[in-house]
Amino acid sequence: MVCLVSRTGRHLQRYDNLGRRQVVGCIPYRYKSSSDNDLEVLVISSQKCQKMMFPKGGWELDESREEAALRESLEEAGVLGIVECELGKWDFMSKRHGTFYEGYMFPLLVKEELDFWPEQNLRQRTWMNVEEARDVCQHWWMKEALDILVERLNSVDQQNEEKFPSLCTDLVAPKISSL
């Protein structure tokens, strides 16, 4: 069972030693069909306007980064899947709040797209090819994460996975019912 309510408030929010809020996000992706390598990524609209981005939100004290990434993807985009190895860490400034953040991004291989999810009335979700997503994404650091994901997936296509040990494919086994 999946909870249909988003977490709210910042009482469990993590901050780094410089006082920057720590946020975690995912780039949900899939292939159009199992017979080809036609990659699609899922972008969502922001709550306040129609700017497009990837799901992200606060990393809380009671969860790992991977669990936070999966929770945010469920809450904001209504997708579940396999959280793969971190794409990187970025320091950025929020234009809206004028404060600095520390952001982590992960790939999420989508296994299920839900019909109902916590923020379905607040956001639009759209599957796009990589070029379209890069054009519409509003955050430079998310675009960099997308580039890293594409490079990683292309490397896996070109090399045998046993010969590519730097790719982390550890699965996160989150407690979905507790989200």
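These questions and answers walk through a predicted model of one chain.

Student: How much of the chain reaches a pLDDT of 70 or more?
Tutor: The mean pLDDT of the chain is 85. Over residues 169–179, pLDDT stays under 50. The share of residues that reach 70 or more is 79%.

Student: Which element has the highest mean pLDDT?
Tutor: Compare the elements of the chain. The lowest mean belongs to α3, at 91. The highest, 98, belongs to strand β5.

Student: Arg-21 is buried yet has no salt bridge, so how far away is the nearest side chain of opposite charge?
Tutor: Arg-21 sits in strand β1. Its side chain makes a polar contact of 2.9 Å with that of Gln-13. A salt bridge needs the atoms within 4 Å. The nearest side chain of opposite charge is Glu-72, at 6.5 Å.

Student: Is His-139 buried, exposed or partly exposed?
Tutor: His-139 lies in the loop between α2 and α3. Buried means under 20% relative accessible area, and exposed means over 50%. His-139 has 24%, so His-139 is partly exposed.

Student: How far apart in space are His-139 and Met-53?
Tutor: In sequence, 86 residues separate them. From C-alpha to C-alpha, the distance between His-139 and Met-53 is 7.0 Å.

Definitions and conventions: Residues numbered from 1 in each chain as written. Predicted model: local features only at pLDDT ≥ 70, side-chain atom pairs only at ≥ 80, totals over all residues. Heavy atoms only, no water. Helix = DSSP H or I, 4+ residues; strand = E, 2+ residues; numbered from the N terminus. Buried < 20%, exposed > 50% of the residue type's maximum accessible area, 1.4 Å probe, protein only. Lys, Arg positive; Asp, Glu negative; His and termini not counted. Polar contact = N/O pair within 3.5 Å; in protein donor to acceptor, adjacent residues only side chain to side chain. pLDDT = per-residue confidence, 0-100. Contact = heavy atoms within 4.5 Å.
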